[in-house]
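Please read these notes with the model open beside them. They go from whole chains to single residues.

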Amino acid sequence: MSCVSGLQTDCEALLSSFQETDNVRFEVFAGLWRDRRFHTIFHGQTRPLEKNKFTQKALDLAWRYFLPPYTFQIRVGALYLLYGLYSTQLCKPKQKIRVALKEWLEIQRFQLDLINAQHYDAAYIFRKLRLDKAFHFTAMPRLLSFRTKKKIRETQLKEEFKELSNRVTRLITSDVLEEMMNVHDHYQKMKCLISIDKSQPDKALNLIKDEFVINIKNAILEYQQWQQNKMKSSSKAKDSEEMTDRKEGGTSQDSEGSERANALAKIKYKSYNAVAMASKSRRHRQVKLESSESGSDQGKVKSPRCKRSRERSQLTQKGNSLETKDRIQAIKKEVVTRNRRMPVITEEENSSEEDLPRPKRKRTR
Amino acid sequence: MAGSSGSAGCAVPEYEVPELHTRVFHVGSFGALWKQNLHRADLSVQEAVAEDGAAAVAEDLGCGLETAAELRAVCSIDMLKSPDKEEDPEIISEDSSLITLRIRKKALERREETIIVDRTCRQETFIYEMESHATGKRPKDPANLIEEGELFLTLNIFYPVIFQKHKDHKPYQTVLVLGSQKLTELRDSISCVSDLQMGGEFSSHPDQAPEHISKDLYKSAFFYFEGVFYNDKRHPECRDLSRTIIEWSESHDRGYGNLQTAKMEDYTFNDLSIKIGFPYLFCHQGDCEHIIIITDIRLVHQDDCLDRTLYPLLIKKHWLWTRKCFVCKMYTARWVTNEDSLAPEDPCFFCDVCFRMLHYDAEGNKLGEFLAYPYVDPGTFN
């Protein structure tokens, strides 16, 4: 594990404990920071070039949590983290935070939100960073040098920090619902007008369910509830996994790959069945969502977070339905105790061949 | 305007190919858009920081004066410092819970054990020195101070010859230029051995090696950015090097679209439309081709080198291996010989002193049969 991935773990640990407090005050964050003596993260570096590079990486990492799609709380936490990292760094002159033009527009909106919501401490800190000239106003977030593919190493950030956003919520907002309601009312009136009985439309024109807007709303709410539960259960499962991980010292590597793949295929099969059992109106959405999530996990082989998030998305799949949960939990335990250090195959049906050689590559790292 | 192709109207850079390069955008409009979105204080390059009073805070955030004063105390950076005594930042404390520190400590210990010669440190020092030698410099003459809102472009200029050993790590120089600088200013700052080359064979009269190097004889050059060849036309003897390429492209309709030409001296970097991260070309001496990649564009910052006269500013160069004299193995080669009856190999390299001692007698008469050419080592610019 390189220094940078350690850095990521540390930052994420700080941010998640901040998230757990359910609070956005700077005092709370500062308390967590002091507990960890987080400023010592820059200690022990004697070479100036090394120092610069490390600081740059740290700022870049924190910056990414400051942008959407992360939750409001994580973004505020990231802002405090940036402030802390920027102010306690040991470089001279101080390394700057790179902000791209496209991001800036987003950030300004965030600052307005902060002020409107009267989170003055966060707004003050952003203002202070700006006055301290902590930013480099750039074209792109990172330097682009037409690198070859193998040199591009995407670090995967923690999924749990993300806002619960998806195509469903993006598509159906309250505005859209209201609009739909209005259109529907209008439609109903029109039908009444052309009908013989002016108070109620003809039976022949009765092509749509009257309460469909409410139905949609209920479906969405149900879906969001389900998604939240899913997130919770998956993070819990992950924590327990990490425990076993530590116990075993993380020494056992690969081996018995195909066996495990089979076991997972079984789980996958079962959870797909569970999806199919969901209500008719929700079925297509769920399936779509899952496959697109796993799609984004593809191809990021070298990322240290990759394996875990794979496992996690595998688990989220499991959390799909409450009925199957217990059964799956049992299977999972089997799998979990046998071997922890294996990359897990994603949900996509065709991915199993690509995934098998991965353990080898991992070993070379 | 030359260089404005299609999507040049958009000034917010975004990826065309993720993580690789952006779409085409106009450099000047991009800078203008940034300035629109920032306050004067963000752009200022003056060091004097205005006293940040509670009133200003209250006004900016729309909160009461008391709140503003309180914020200052609550959000102070001292809140993040440990209450206990000062620590030495070079030492990692034993009881730290941070994983980063544990890894670093291990790495440092390993380095301590295995190190024999601290060579990496030397290289690293060199890189660091190059990078930071100009940071924070300000001009003596205030007229040369870089204006606020000026753009900085970071360019990687690759060396023309890529040896097999550089297959994976192509050597390049990194140069900072200002948006308001002309392309010709960059052209004049690019150092390349092919400009210093001297043509001809001088075995019979080594003292008459010409004073004129290629740079003075062949002044033509061009930059290629986004379908436009920017030719150096400052001197009457400059030729249009791009003509053959354009004719070649047009003659068979090879699908390169409409290539245009422009005068290099008429354009600044702000006038260009480019993609960040995309490879372009600089060509001089007829066929000495350097790939150029613009890796970054940003606004100037008060901590940067603010002396306009120091730009284009070289901040990174590759340390090239020099060829040593075959005789003394000490000095860099100045001569190369072919078909040399006195040399063990062909071609053979000599420094000036050894070359003369071996090949000429006391009166300066040529000994033996050989062809001699002046040689300029690529390591000259180290």
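1. Of the 382 residues in chain B, 43% count as buried. This is a predicted model, and every value below is computed from it. Chain B has eleven helices and 15 strands. Its accessible surface is about 20,900 Å², with 53% supplied by carbon and sulfur atoms. Among the contacts in chain B with a separation of 6 or more, 64% join residues 24 or more positions apart.

2. Chain A has 365 residues, and 49% of them count as buried. Its secondary structure consists of 15 helices and two strands. The accessible surface of chain A comes to about 18,600 Å², and 54% of that belongs to carbon and sulfur atoms. Among contacts with a separation of 6 or more in chain A, residues 24 or more positions apart account for 78%.

3. Next, a place where the two chains meet. Helix H6 of chain A, residues 120–131, packs against helix H4 of chain B, residues 65–74. Their axes are 10 Å apart, and the angle between them is about 70°. H6(A) is therefore roughly perpendicular to H4(B), since angles of 65 to 115 degrees count as such. The crossing is right-handed. On the H6(A) side the contact is made by A:Tyr120, A:Asp121 and A:Tyr124, and on the H4(B) side by B:Thr67, B:Leu71 and B:Arg72.

4. H6(A) also crosses H3(B): the two axes come within 11 Å, at an angle of roughly 110°. That value makes H6(A) roughly perpendicular to H3(B). H6(A) passes H3(B) in a right-handed crossing. Here H6(A) contributes A:Tyr120, A:Ala123, A:Tyr124 and A:Arg127, while H3(B) contributes B:Ala56, B:Val57, B:Asp60 and B:Leu61.

5. B:Gly53 lies in the loop between helix H2 (40–43) and helix H3 (54–61) of chain B. Is B:Gly53 buried, exposed or partly exposed? Its relative accessible area is 26%, so B:Gly53 is partly exposed; buried would require under 20% and exposed over 50%. B:Gly53 and B:Arg72 are 19 residues apart along the chain, and their C-alpha atoms are separated by 9.5 Å.

6. After H10(B) comes B:Asp253, which has a positive phi, near 50°.

7. A:Lys191 belongs to helix H8 of chain A, residues 174–194. Its relative accessibility is 4%, so A:Lys191 counts as buried. Leaving out residues up to four places away in sequence, A:Lys191 touches A:Pro201, A:Leu205 and A:Ile208.

Technical notes
Residues are numbered from 1 along each chain as its sequence is written. Chains are lettered from A and ligands numbered from 1 in the order in which they are written. This is a predicted model: local features need pLDDT of at least 70, side-chain atom pairs count only at pLDDT 80 or more; totals for chains, interfaces and linings use all residues. Side-chain values use heavy atoms; hydrogens and water are left out. Helices (H or I, at least four residues) and strands (E, at least two) are DSSP runs, numbered from the N terminus. Buried means under 20% relative accessible area, exposed over 50%, partly exposed in between (1.4 Å probe, protein chains only). Contact means heavy atoms within 4.5 Å. Accessible areas come from the Shrake-Rupley method with a 1.4 Å probe; for residues, only the protein chains shown count as cover. Axes are lines fitted to C-alpha atoms, for helices over the stretch in contact, and angles run from 0 to 180 degrees between N-to-C directions. Angles under 35 degrees count as roughly parallel, over 145 as roughly antiparallel, 65 to 115 as roughly perpendicular and the rest as oblique. A crossing is left-handed if the near helix is turned anticlockwise from the far one by less than a right angle, and right-handed if clockwise.
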